[in-house]
Amino acid sequence: MSEIVIEGLTKKYGKNVVLDDVSLKISAKEYFVLLGPSGSGKSTLLRLIAGLEEITSGSIYIGARKVNDLLPKERNVAMVFQNYALYPHMNVFENIALPLKVRGMRKVDTDRKVREVAETLHIHGLLEKKPKQISGGEQQRVALARALVRDPTVFLLDEPLSNLDAKLRVEARAFLKRLQKEVGITTIFVTHDQAEATTIATRIAVLNKGRITQVDDPYMLYSRPNDVFTAGFVGSPSMNLIRGVARKGGSGWEFHSEDLDVGLESPGLVSETEVTLGVRPEELEVSKDGSGLGGSVSNVELLGSISYVTVSVGKTSLIIQLPGKPDLEIGDHATVRFSPESVLLFDAKSGMRIEEKA
Amino acid sequence: MQRGQALKVGLVLASPIVVYFAAFFIYPLVNLIQNAFTSDSGAFTLANFQSMLSDPILSVSLSNTAYYFVGSVALEYSVGFIVAVLLYAYTGRLKTIFRTIIFLPLMVSPVVIGLMWILILNTNYGPLDYILTPFGLGNINWLGSQSLAMPSLILANTWEYSPFVFLIIYAGLQTVSPQLYEAASVDGLSRFQTFRFITLPAIRPSIVVAFLLNSIGVLKGFDLIYVLTNGGPGFATYILSFYTYVVGFSFFETHYAAAIALLFLAIIGAFVFAMLRFTSVEEYLGLKRGKGE
Amino acid sequence: MKGRNLLLIAVLTLICLVYLFPIYWTVITSLKTNLEVFTRPPIFFPSQFTLSNFYVSVDVFRAVSQTAVGSIPWMVDSTIIAVVATVVSTFLIAAPAAYSLVRFIRSVWLARLILFMTMIPEAVFVVPFFIIVAKVSLLNTWWGLILVYISFSAPFSTWLLMGFFNDVPKSVEEAAQIDGLSPYQIFYRVSLRLVTPGIIAAVILSFISCWNELLYALVITFTPFPAGAQTVPLFLTSFIIVQKSFAWGGLAAAGVFTMLPTLIMGVFAQRYLARGLTMGSVKG
């Protein structure tokens, strides 16, 4: 009923290609996230689905209906903007009621629906107030109410949490997740914050420079990124990425770069290849002495239950995650150990991940 | 929104003004051009423009206009500018009151302003003459003398128009971010240096726009002259705007009037052209095409 | 700091006194008796006040009339013409045009053209406009002058409103789009409501300029209401020409009640006007 299918969607502004042949299938009731850095095209994609911009080529289907030439109001989508875009000259009630009023709904029915939605979002006490009289979090819920009051098929959110302060953002995230499940509506959420994406999404599409690099659930995105960009973008702090060469040596395959040598476990390679090696901070081990690569501690960040230690091995910086407070200080000598199973290899030229041999 | 539909809506909304534009701009312009280049018989001729070269009243008008222009703009601009800076420098509760008072002359009809200054400039009973008597400038027929009519006009015009310059400069001063001043004081600039190196460059657009709008306003002026001096005594205060009217409605020479009107338009056009080079219409209207995301 | 401020106050007060003086002088003259008007040295603060000047008998247009009451026909003309011209120009012409130019027809050259039109001197088009109004037999009528005034007021109001419409956040209009409003509905119910300060400025400035206008009224109208459509500035000019040597008190009185409406409007709506008068040369 409310699946969304996007086929070969391209959007150009003059010669500038903002979206390049994007295809996606979003299932009904999914909480789908479009994730990417600014300029990646994610907001444009959302706006094309909403009908706010014209498609250059390709198609969009909402619930098996082709919507390319339909106006936003004909697509039965609802959208929440980054700055909420509430009507400043109307009070909260009128803001929420407007979509219904425009559709010619009777006053009695409009009244009832508005109050229902206001109850669901806990803003029934604010109905007489004007947008500038309520807080940011409350404004956001009014924007949500206005969107939901129409029983739309699809729910589109364009970075709605960016304007909230950190603590409020976490609360709002959880609130949205619960709400979405309760209402059971297909939702597309745009953000550049990968932590936000991984905590709320059922599936994520990662965009880079107008192209989709990977569509997967958060866990797969994290553990099996398709390419170097995705690997570096998802996860905070970022995955450690080192350029070098993978070759077969005397004791098996190994990775060699200017500063370090690491043994590899059956990489899916045939001959010597230039690669980028990736390893997550939590997969590395650090000790003051012991075996491994030698380097010196250049930074220590304490976060309470965990710490991030940066060790410089030659010219390469590696970030390692350690529990609690480590017994290391800046300037100390330290050794870093890799566990070969946790290492990911990416082709240096294409950026694509190299699968291990089965 | 689809491109085609957007255009359609835009045209519908703009249709009233397009109609007006056609009727009250294009048609009159065409009419003027037609008249300027033809004689009474309807034949094409450049005689109207040639007459301009030998018209003594026109040359008097033009030199008067130059006199009026330079005098008015110089005086209005300096006064307006200084008052703006002074009010800007003042910090206190009387600010709004001062601003309201300075603002007043702009709200008064030029006809009434003419009336006011007739009363004030009267030789026998007017306060101005009386106040200047101890300085040896008394008992003078301000509006009636060939040499003093124009300065009197300039004086009245300054009273009317300097608040306009004030408004623009003052508004410009207000947009200067206070953080710039804080940085300057930390860097150790004196008040004068701050004004010269920070404030002035920051309000450069306002400075230019104020000058150009002031100039255009002065050139356009008609009402004040009509009431105060009616072009006299003799032709001493005939300026271009006034002469354009006279040729059309006192002499009834339609063709010549059209030629003069076009001359006037061209002069104004030059100023507007200069102004367009200094104001960014695109920025003012956000017409720069946005980037996609 | 304090000392500097005091000096500024002194200077600014002096400046304000200079700006106020002509207004003051006119008002005070209107309240003087004839005895005290024609004196040398001029009397700056009269010993006697009178309102009789507002009822001076005067021979204007060879009909006996009294200033304040006598000016009523002209007042009627001015009011009706200014109000109608302002309303039509602002709401029917300028607002849609401004919105269209900012959101749909985003043409820089058209915007420049509008700006140019606001700068055209009255004297340039006075003959052609006369011909146009004569051709449609609207000389000496309300609509004749109204149509002419609209052609001046519309470009200025359009330019003014363009700046204000540009400040309306696009996302609010897009939200309205998604909510299902048609473009015209969006204009009328959302965008127009959000530029109210601009509308106020446009209305006031337009009214004031229509009220004060002289040249076109001079050329297009000949007699006042009810037979014609002469406006107050014309009443005043003929009053001045007739009275230059006699009833100065009456002259001043006429000046006073002519400038009173616009003065009051201006003072109250000050903060709306500042932006309008600077022609958007400065933001906000």
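What covers the buried residues of H8(C)? The cover includes helix H1 (42-50), helix H2 (72-75), strand E6 (77-80) and helix H3 (92-102) of chain A, together with helix H9 (183-191) of chain C. Please keep in mind that this is a predicted model.

**Helix H8 of chain C**

- Helix H8 of chain C spans residues 170-179, and eight of its ten residues are buried, so the rest of the structure largely encloses it.
- The buried residues are Val172(C), Glu173(C), Glu174(C), Ala175(C), Ala176(C), Gln177(C), Ile178(C) and Asp179(C).

**Where chain C meets chain A**

- Here 13 residues of chain C are in contact with 17 residues of chain A.
- On the chain C side, H8(C) supplies the largest share, with seven residues.
- By residue type, the side of chain C that touches chain A has seven nonpolar, three polar and three charged residues.

**Where chain C meets chain B**

- This contact involves 87 residues from chain C and 85 residues from chain B.
- Helix H1 of chain C (residues 2-30) gives the most to the chain C side, namely 14 residues.
- That side of chain C is made up of 63 nonpolar, 19 polar and five charged residues.

**The sheet in chain A**

- Chain A has an open sheet of four strands in the order E2-E1-E4-E5, and the pairing is antiparallel.
- Strands E2 (16-26) and E5 (65-66) of chain A stand at the edges; each has a single partner strand, so one side of each is left without a neighbour in the sheet.
- Strand E1 of chain A (residues 4-13) pairs with E2(A) over seven bridges in the antiparallel sense, and Tyr13(A) stands opposite Asn16(A) of E2(A).
- E1(A) and E2(A) form a hairpin with two residues between them, and in the turn Gly14(A) has a positive phi of about 65°.

Conventions:
Residues numbered from 1 in each chain as written. Chains lettered and ligands numbered in written order. Predicted model: local features only at pLDDT ≥ 70, side-chain atom pairs only at ≥ 80, totals over all residues. Pairing = 2+ DSSP bridges. Contact = placed C-beta atoms within 7 Å. Nonpolar A, V, L, I, M, F, W, Y, C, P; charged D, E, K, R; others polar. Buried ≥ 20, exposed ≤ 12 C-beta atoms within 10 Å, placed from the backbone.
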